[in-house]
Amino acid sequence: MAEIDLLDRYPRTTRDIAARAAAVPAQREIAKRFDREYFDGERGQGYGGYRYDGRWVPVAERIRDHYRLTAGQRVLDVGCAKGFLLHDLRQVVPGLEVVGLDISGYAIAQAVADVRPRLVRGSAECLPFADRSVDLVISINTVHNLDRAACRRALAEIERVSRGHRYVQVDSWLNEWQREKFERWQLTALTYSDPAGWRRLFAEAGYRGDYYWTVTE
Ligand SMILES: C[S@@+](CC[C@H](N)C(=O)[O-])C[C@H]1O[C@@H](n2cnc3c(N)ncnc32)[C@H](O)[C@@H]1O
């Protein structure tokens, strides 16, 4: 179990906090459907257009190198959205077996063609995979969208299906300024905390994998 930032090569984006803050709370209800409006609608409701542009390639390389991924291993992305990271992992580790799960039927329908057949619709709190059947489980900016009890179950599920590594990234903050910005920015999170609170929840869930924080800059 390690605190490690595996998204340190993900391109930094500018967040227009003032514009987003003006939009909530009405836009939060729309965003929480995780439908077209969240992924490909206006920025005030989510991504403001989430299209494949290669931004996950450096992250895929970082994950490959850190976990020494090789052909034949199986990777699961919980909250895979349109499957961009899984697509890139397949490119940088030929022969890697990938599977993804997301609650959004829209995102799966819009997924990159090569991974779409490998994605299933479902909730992180009940993973349709056998115990210890996955070499690496990744879940980036997803489990904080569940309420606390469901989030705990999701973390336990990630632990259950993994036979090797797990990496979870969640919304958090390192100081009060970041906390305030996060609370004005966020649309969909139901469970959030400072790092100490997250570590307590990890312990409650029996989650023993790696983790890091998404901080609103
Ligand atoms: C902020 S996006 C992150 C997507 C992707 N992991 C990434 O980093 O680009 C959150 C994702 O979580 C998915 N999601 C929300 N609630 C979920 C749940 N209960 N189970 C599985 N996926 C969920 C959403 O549909 C969305 O794709």
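This briefing covers charged side chains and their partners in one structure. The model is predicted; local features need pLDDT of at least 70, side-chain atom pairs count only at pLDDT 80 or more, and totals for chains, interfaces and linings use all residues. Residues are numbered from 1 along each chain as its sequence is written, and side-chain values use heavy atoms, with hydrogens and water left out.

**Salt bridges**

- The count comes to 17 salt bridges, each being a side-chain nitrogen of Lys or Arg within 4 Å of a carboxyl oxygen of Asp or Glu.
- Asp8 and Arg62 form one of them, at 2.9 Å from N to O; the pair links distant parts of the chain, 54 residues apart, with Asp8 in the segment before helix H1 (17-23) and Arg62 in helix H4 (residues 57-67).
- Helices (H or I, at least four residues) and strands (E, at least two) are DSSP runs, numbered from the N terminus.
- Arg62 is buried at 18% relative accessible area, while Asp8 is partly exposed at 37% (buried is under 20%, exposed over 50%, partly exposed in between; 1.4 Å probe, protein chains only).
- Arg179 and Glu183 meet in a salt bridge at 3.4 Å, N to O; they are 4 residues apart in helix H8 (residues 176-185), about one helical turn.
- Asp131, Glu157 and Arg160 are linked in a network of salt bridges.

**Asp102**

- Asp102 lies in strand S2 (residues 97-102).
- A polar atom of the Asp102 side chain lies 2.8 Å from the backbone nitrogen of Ala81.
- Not counting residues up to four places away in sequence, Asp102 touches Gly79, Cys80, Ala81, Ile108, Val120, Arg121 and Gly122, where contact means heavy atoms within 4.5 Å.

How values were computed
A polar contact is a pair of N or O atoms within 3.5 Å; within protein, one must be able to donate a hydrogen and the other to accept it, and residues adjacent in sequence count only if both atoms are side-chain atoms.
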